Amino acid sequence: MSKDAVDTAQAAARPGATGTIPADAGDAGYSKDLKPRHINMIAIGGAIGTGLFLGAGGRLRDAGPALAIAYLVCGVFAFFVVRALGELVLYRPSSGSFVSYAREFLGEKGAYVAGWMYFLNWSTTGIADITAIALYTHYWSMFTSIPQWVLALVALAVVLAVNLISVKIFGEMEFWFAIVKVATLVGFMLIGIFLLATQHDVGGHTPGLGMITDHGGFFPQGMMPVIVVMQGVIFSYAALELVGVAAGETAEPEKVVPRAVNSIMWRVALFYVGSVVLLALLLPGSLYSGDESPFVTVLSKIGVPAAGDVMNLVVLTAAMSSLNSGLYSTGRILRSMATAGSAPRFTSVMSRSQVPYGGILLTCGVCVLGVGLNFLVPSKAFEIVLNVASLGIISTWVIIMICHLVFVRRARSGLVGRPHFRLPGSPVTEVVTIGFLLAVLVLMWNDAEVGRKTLFLVPVIAVMLVAGWFGVRRRVTENAAREPSRTE
C-alpha cells in the first residue's frame with residue numbers, strides 16, 4: 001500500500017470504533033481545494049437541475065398540478081438517501097463515496113454494481129444534459145439552422161475542457177452556476193407571485209385557482225399520469241448524492257456536510273414544490289411542453305420577449321452545470337473502482353493538477369454516443385436517456401440505503417462508531433425508502449411508450465454486469481490480496 005493510502009487510513013480512523021476503518025486506496029492523491037461555500041452551493045446545485053428546468057414542462061402537461069405532490073414525495077425520500085449518505089461521509093469521508101462504502105459493507109461485488117450503475121446513471125444523464133443544451137440553444141432563431149447533434153457536441157467539448165483543469169475550477173464553476181440558478185428561480189417566483197397577486201394577464205389567461213379548477217382540477221388526467229412521471233421526478237434529484245463525492249476533497253467535511261444535507265429539505269419544498277404550484281396557477285398545464293422550459297413558457301407570454309431569452313440562458317447554464325457535475329463525480333467513482341480492479345486501469349490515472357482524467361474521458365466517450373442519438377432521434381433523445389438514467393440512480397440510492405443498514409447493524413454490534421449526525425428512524429427509514437424506490441421501478445411498466453421499454457433493459461444490464469464481473473474478478477482478487485486492509 002502506498003504511503004498516501006496509509007495516511008488516508010490513519011486519518012479515516014474514528015474514535016469510538018473498535019477496529020480500524022478500511023482505507024480506500026482511490027482516495028490517495030486528491031487535493032482538498034473545495035471550500036465550505038463550494039460544498040454548500042454544490043448541494044444547492046444538485047437540488048436544482050435540468051429535471052426541474054426542462055423536465056417539469058412535459059410533466060406538468062401530463063400530470064397537471066398534482067406534479068407538486070410527486071416532487072414532494074420523491075423529495076422526502078431523496079432527503080432520506082442524502083441524510084444516510086451524509087452519516088456515512090462523517091464516518092469516513094471518501095471521494096469514492098458510496099462505492100467505497102459498498103466495498104466496506106457489501107464487499108467487492110457490491111462496490112462493482114454500485115459503481116457501474118452510477119456510471120450508467122451519469123453517462124446517460126450527460127447525454128440528457130447535452131440534449132437539453134441543444135434544445136435550449138435552438139430557442140434562439142440564430143441557432144435553429146444548426147443541427148441538434150452539432151450543438152450537443154460543442155457543449156460536451158467545452159465542459160470537458162473545463163473539467164480537466166482542476167477541482168478548484170470545478171468548485172468555482174459550480175458555485176457560480178448555483179448562484180445563477182438560485183437567483184433566477186427566486187426572481188421568477190417573485191415575478192410569478194406578482195402576476196398572481198395582481199391577476200395580470202398571462203398569454204390570455206388570468207392567473208389563480210381557476211387555472212386548476214377550470215382545467216380538470218388537481219388530477220386532470222387521473223392518478224396514473226402522476227405515478228408514471230415518478231421515475232422522471234426521481235431523475236430531477238439525481239445530483240443530490242454529489243455532496244458525498246465532493247466531501248472527499250474538502251478539508252472539513254464534519255462541519256460542511258451536515259449543514260449542506262440539512263438544507264436540502266427546505267430547498268426541495270421551496271424550489272420544486274413551490275415552483276410547480278406557481279406554474280400551475282399561472283397557466284393551464286396543457287400549454288406547457290417538454291421541448292421548452294416551463295419558466296420560459298410563462299415569461300414569454302407576459303409580453304416581455306427578453307425575459308424568455310434571459311431565462312433560457314439560465315436554464316442552459318443549469319444543464320451545463322449538471323454535465324460538469326456528472327464528469328466530475330464519475331471521474332472520482334471510476335478511480336475508486338480502478339484501484340480495486342473493477343474498472344479499466346486507465347481510469348485510475350491522475351493529472352498533475354490532481355484530476356482523475358481517465359474516468360472523465362471514459363464518461364465523455366459515452367456521451368459522444370449521445371451525440372449520435374441526437375442525430376438519429378432528436379425529438380426522443382431526452383426522454384429515452386432520462387428513463388435509462390433513472391435505472392442508474394434508483395439502483396444507486398437503493399445501494400446507499402443497504403450500505404447504511406449494514407453500517408447501523410455493525411454500529412449496534414460495537415464494530416464501528418456512528419457519528420452524531422444520523423439518519424432518523426433507522427432501520428425503518430431505510431426499508432421504507434428502498435420499498436418506495438423499487439415500487440417506482442415497477443410502476444414504470446405503466447408507461448408503455450418509454451418506461452416499459454426501459455424495464456426491458458434491466459435483464460440486459462444484469463447480464464452485462466455479470467459478464468463484466470467475471471471479466472474483472474481475478475484482477476479484483478489480486479488487488480485485494482495486495483491491499484490487506486481492503487474489505488473482502
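This is a predicted model: local features need pLDDT of at least 70, side-chain atom pairs count only at pLDDT 80 or more; totals for chains, interfaces and linings use all residues.
**Ground rules.** I number residues from 1 along each chain as its sequence is written, and I leave hydrogens and water out, using heavy atoms for side-chain values.

**Overall make-up.** I looked up the secondary structure and found 21 helices and zero strands in the chain, both being DSSP runs numbered from the N terminus (helices H or I, at least four residues; strands E, at least two). Of the 488 residues in the chain, 60% are buried, where buried means under 20% relative accessible area, exposed over 50%, and partly exposed in between (1.4 Å probe, protein chains only). I then turned to contacts (heavy atoms within 4.5 Å), and noted that residues 24 or more positions apart account for 80% of those with a separation of 6 or more.

**Helix H8 and what follows.** I checked the span of H8, residues 167–198, and its 32 residues reach 46 Å from the first C-alpha to the last, close to the 46 Å expected; the expected span is 1.5 Å times one less than the number of residues. Gln199 follows H8 and lies in the loop between H8 and helix H9 (210–213). I noted its phi, near 60°, as a positive value in a residue other than glycine, and Gln199 counts as partly exposed at 42% relative accessibility.

**Salt bridges.** My search of the whole structure gave five salt bridges, each a side-chain nitrogen of Lys or Arg within 4 Å of a carboxyl oxygen of Asp or Glu.

- Glu87 and Arg418 meet through their side chains at 2.6 Å, N to O. This pair links distant parts of the chain, with Glu87 in helix H5 (residues 67–91) and Arg418 in the loop between helix H18 (381–412) and helix H19 (428–443), 331 residues apart. Glu87 is buried, with a relative accessible area of 0%.
- Arg92 and Glu104 form a salt bridge at 2.8 Å, N to O. Arg92 lies in the loop between H5 and helix H6 (97–137) and Glu104 in H6, so the pair ties together parts that are 12 residues apart in sequence. Arg92 is buried at 2% relative accessibility, and Glu104 is buried at 4%.
- Arg61 and Asp62 form a salt bridge at 3.2 Å, N to O. I found Arg61 partly exposed, with a relative accessible area of 38%, and Asp62 partly exposed, at 33%.

**H5 against H14.** I looked up how H5 packs with helix H14 (residues 264–282), and the angle is about 165°, with the axes 9 Å apart; the axes are lines fitted to C-alpha atoms over the stretch in contact, and angles run from 0 to 180 degrees between N-to-C directions. That makes H5 roughly antiparallel to H14, a label for angles over 145 degrees, as against under 35 for roughly parallel, 65 to 115 for roughly perpendicular and oblique for the rest. The residues making the contact include Tyr71, Gly75 and Phe79 of H5 and Val268, Tyr272 and Val276 of H14.

**A cis peptide.** I also noted a cis peptide bond joining Ser426 and Pro427, with omega about 5°, and I placed Pro427 in the loop between H18 and H19.
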